[in-house]
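Please examine the structure shown here with attention to its aromatic rings.

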Amino acid sequence: MSFRCFEMAEIIHPPMDQLQDLEYCIDSNPPWAETILLAFQNYILMLGTSVMIPSVLVPAMGGSDGDKARVIQTLLFVAGINTLLQALFGTRLPAIVGGSFAYIIPIAYIINDSSLQRISNRHERFIQTMRAIQGALIVASSIQIILGYSQVWGLFSRYIGSILKCEVVSPGMLDYIVLHRLSFPCRFFSPLGMAPVVALVGLGLFQRGFPLLGNCVEIGLPMLLLVIGLSQYLKHVRPIRDVPIFERFPVLICVAIIWIYSLILTASGAYRDKPNATQLSCRTDRANLISTAPWFMFPYPLQWGPPTFSAGHSFAMMSAVLVSMVESTGAYKAASRLAIATPPPAYVLSRGIGWQGIGILLDGLFGTGTGSTVSVENVGLLGLSRVGSRRVVQLSAAFMIFFSILGKFGAVFASIPFPIFAALYCVLFGLVASVGLSFLQFTNMNCMRNLIIIGLSLFLGISIPQFFNEYWNLKHRGLVHTNAGWFNAFLNTVFLSPATVGLIVAVFLDNTLEVEKSKKDRGMPWWVKFRTFRGDNRNEEFYTLPFNLNRFFPPT
């Protein structure tokens with residue numbers, strides 16, 4: 001048998017720490033007019049999840065349309081506060097923090113609690129269920145607060161702080177890295193292990209893409225084609241003051257056009273004789289938000305009454321807190337890349353998780369009906385609009401707070417049919433997934449070991465949650481159904497999360513298969529400089545706290 005040998009062609013696209021074709025990075029700002037429009041675009045995008053979660057949960061809790069409107073306003077108000085806290089004092093990345101679907105399973109367990117189901121008055125059952133959810137969120141938030149501020153989560157994610165010692169051969173540079181094995185047995189993240197986790201943060205949300213778009217194809221499909229056409233094929237068109245408006249504001253333009261189109265369909269009676277499910281997805285007047293939302297409402301802590309506490313409810317909710325921590329870690333990695341920043345070092349990541357725990361505590365105190373995590377669709381919007389500015393996200397948080405207080409105005413935007421958002425998700429979730437896969441450029445993908453790890457992590461990360469999903473709905477306990485309801489909710493929540501399953505598979509395989517022989521193949525020489533705050537001098541530019549607070553909270 002003979003083999004032909006080929007000379008290696010010149011590498012045209014070498015690995016790069018930062019993306020190069022974005023217009024604005026994390027600490028650069030567009031002109032104020034563009035910043036305001038970009039912030040409003042972020043607000044419109046996060047409405048999809050903020051409306052859908054209460055629309056699913058509040059009726060199951062026994063709440064009315066008026067209760068649903070109040071919960072949506074509260075969720076938006078707290079999301080604005082949490083986003084500001086995260087952008088100012090947390091990771092400082094341009095990431096929106098909003099409601100999370102990861103909490104639905106433990107919340108469904110609380111909703112179906114027999115002691116609550118016995119309450120005959122629907123409104124009273126809603127209030128008591130909300131108080132039980134609040135108590136569970138308050139207790140479970142301690143997980144992220146402790147793991148974040150104790151630096152445990154950062155140490156876990158740092159990987160090589162435990163097993164590798166780096167000797168910089170060239171002074172002041174990381175040109176050469178000599179890796180020495182130490183005696184510690186624990187090994188955690190590498191670029192190879194991180195890539196499928198970040199990818200599954202996007203790919204794992206496929207059920208909220210085309211399957212929901214298909215509920216109203218006549219609205220969703222034109223929206224999908226229009227977004228792709230404007231943002232990709234017309235991105236260089238600059239009709240107004242040399243501003244690429246189709247590239248910069250594709251969500252605003254496309255939502256406005258298709259929303260008007262859906263209003264015309266609704267007014268013309270196109271859905272008059274359609275099934276109820278079709279009318280709920282397609283009509284613009286079926287959400288009942290505008291008529292039931294108050295003109296003015298200022299959410300405040302304990303507005304539903306004092307929380308109630310149950311050990312079972314709290315343990316079930318802890319599973320969602322852990323899952324949201326994994327998913328947020330992947331989203332932070334993607335956001336840092338799309339904001340042209342370095343990967344957040346362990347200290348910054350822990351700081352962000354700690355503030356996210358504070359956010360979940362606020363969710364429990366205000367009564368949002370669900371917990372918080374990083375909005376994946378808004379992370380994808382950083383790449384679609386090519387703007388990773390922190391100021392845009394901070395101003396977007398102000399829009400959330402403003403429109404949550406002025407209920408009628410916010411309800412107008414919240415009545416956008418959900419297939420419009422589903423079309424956007426097809427693009428944005430896919431973009432986040434591709435950012436995750438871009439971490440593979442720092443690994444050796446000509447290595448069979450790496451190919452097996454990536455393939456298994458991605459496949460099982462999608463396949464296992466899909467298997468669990470087939471057995472779960474709001475009224476059913478799911479695939480795991482022991483006599484302990486909290487235990488059922490805990491395991492079902494963990495294994496219904498693609499990112500969490502992918503993390504388990506990737507980290508286990510990456511740290512048990514030929515570890516010592518594969519340090520360079522796994523991308524560790526590149527990863528080493530991002531393990532500490534001072535490992536790369538760019539970290540200080542991107543992640544230093546404002547108001548000179550680093551004097552009081554120095555990086556560790």
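The model is a predicted one. A search of the whole structure finds 19 aromatic pairs. A pair of aromatic rings is described by the distance of the centres and the angle of the planes.

One of the pairs is formed by Phe-77 and Phe-366, whose ring centres lie 5.8 Å apart. Their planes meet at 45°, so this pair is classed as tilted; a pair counts as edge-to-face only when the angle is over 60 degrees, and as stacked when it is under 30 degrees. The two residues belong to distant parts of the chain, being 289 residues apart. Phe-77 is in helix H2 (residues 65-89), while Phe-366 is in helix H16 (residues 346-366). Phe-77 is buried, with a relative accessible area of 6%, and Phe-366 is buried as well, at 9%.

Another pair consists of Phe-402 and Phe-403, with ring centres 5.1 Å apart. Here the planes stand at 80°, so the pair is edge-to-face. Phe-402 is partly exposed, its relative accessible area being 45%, whereas Phe-403 counts as buried because its value of 11% falls under 20%. Both residues take part in one aromatic cluster, which is formed by Phe-40, Tyr-43, Phe-399, Phe-402 and Phe-403.

Note on methods:
Residues numbered from 1 in each chain as written. Predicted model: local features only at pLDDT ≥ 70, side-chain atom pairs only at ≥ 80, totals over all residues. Heavy atoms only, no water. Phe/Tyr/Trp six-rings, centres within 6.5 Å; stacked < 30°, edge-to-face > 60°. Helix = DSSP H or I, 4+ residues; strand = E, 2+ residues; numbered from the N terminus. Buried < 20%, exposed > 50% of the residue type's maximum accessible area, 1.4 Å probe, protein only.
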